[in-house]
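Here is a short briefing on surface features and charge pairs. The sequence and structure come first, the points after.

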Amino acid sequence: MAFVRTKRSKEALRKEKQRKKQHDNGTRQINLDVPNNDRSRATMRGAAIAIKDEVSHQAIELLLANEDLRPLIVGAAARPEIREIVGLIRQRQATTNSLNAAKLIINDPDLATLVERAIATGRVREAMEVAAANPEFVFFGRNAATERSPCAWLARLLLRVRRTRRAGP
């Protein structure tokens, strides 16, 4: 009796070589069902490429784990001003003080209104920059509480005082 070995097909040899190469690279092929459109396929390809980076991998895991983050991410991506803020935070390390300032502005309607007005015109923005650049501004803020300028308004908010009428001419 003789044992005759059948040759493996070229396709089997090719798949074995492909699996070995993937194993050596630390990757593995998986098949996924996605909606039948180019956008979904492109998104999954992009995610597969991005997941090789550890930060992207963690971001995708967090996004999948927390459903509350999904609408925030979509909202942030759609608004260029939010992307600009994220860029500023990345340029300069976000400190606890700057994050607390952002929370304060978001939570305080008076400060939010002030910030909205500050960015409305260049003139008001310049006045705000001058006020923020001068440390003596807060010291003399009580005197400014009687005036109607944007600086005076900021002083009243910072010092939590109401506008008073000036006595005399």
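**Surface patch and salt bridges**

L32 sits in the loop that links α1 (10-25) and α2 (38-50). Helices (H or I, at least four residues) and strands (E, at least two) are DSSP runs, numbered from the N terminus. The model is predicted: local features need pLDDT of at least 70, side-chain atom pairs count only at pLDDT 80 or more, and totals for chains, interfaces and linings use all residues. Residues are numbered from 1 along each chain as its sequence is written, and side-chain values use heavy atoms, with hydrogens and water left out.

**Nonpolar patch**

- I30, L32, V34 and M44 make up a nonpolar surface patch. Together they have about 350 Å² of accessible area.
- Patches take residues with over 30% relative accessible area and no salt bridge; like charges are joined within 9 Å, and nonpolar side chains (Val, Leu, Ile, Met, Phe, Trp, Tyr) within 5 Å.
- Accessible areas come from the Shrake-Rupley method with a 1.4 Å probe; for residues, only the protein chains shown count as cover.
- L32 counts as exposed because its relative accessibility is 51%. The classes are buried (under 20% relative accessible area), exposed (over 50%) and partly exposed (in between), with a 1.4 Å probe and protein chains only.

**Salt bridges: overview**

- A search of the whole structure gives three salt bridges. The term means a side-chain nitrogen of Lys or Arg within 4 Å of a carboxyl oxygen of Asp or Glu.
- Side chains of opposite charge can pair when their charged atoms come close.

- E11 and R14 join through their side chains at 2.5 Å, N to O. They are three residues apart in helix α1, so about one helical turn separates them.
- E11 is partly exposed, because its relative accessibility is 44%. R14 is also partly exposed, with a relative accessible area of 42%.
- D24 and K20 form a salt bridge at 3.4 Å, N to O. Their spacing is four residues in helix α1, which means about one helical turn.
- D24 is exposed, at a relative accessible area of 54%. K20 is exposed too, at 53%.

- D38 and R41 meet through their side chains at 2.3 Å, N to O. They lie three residues apart in helix α2, so about one helical turn lies between them.
- D38 is exposed, with 57% relative accessibility. R41 is partly exposed, because its relative accessible area is 29%.
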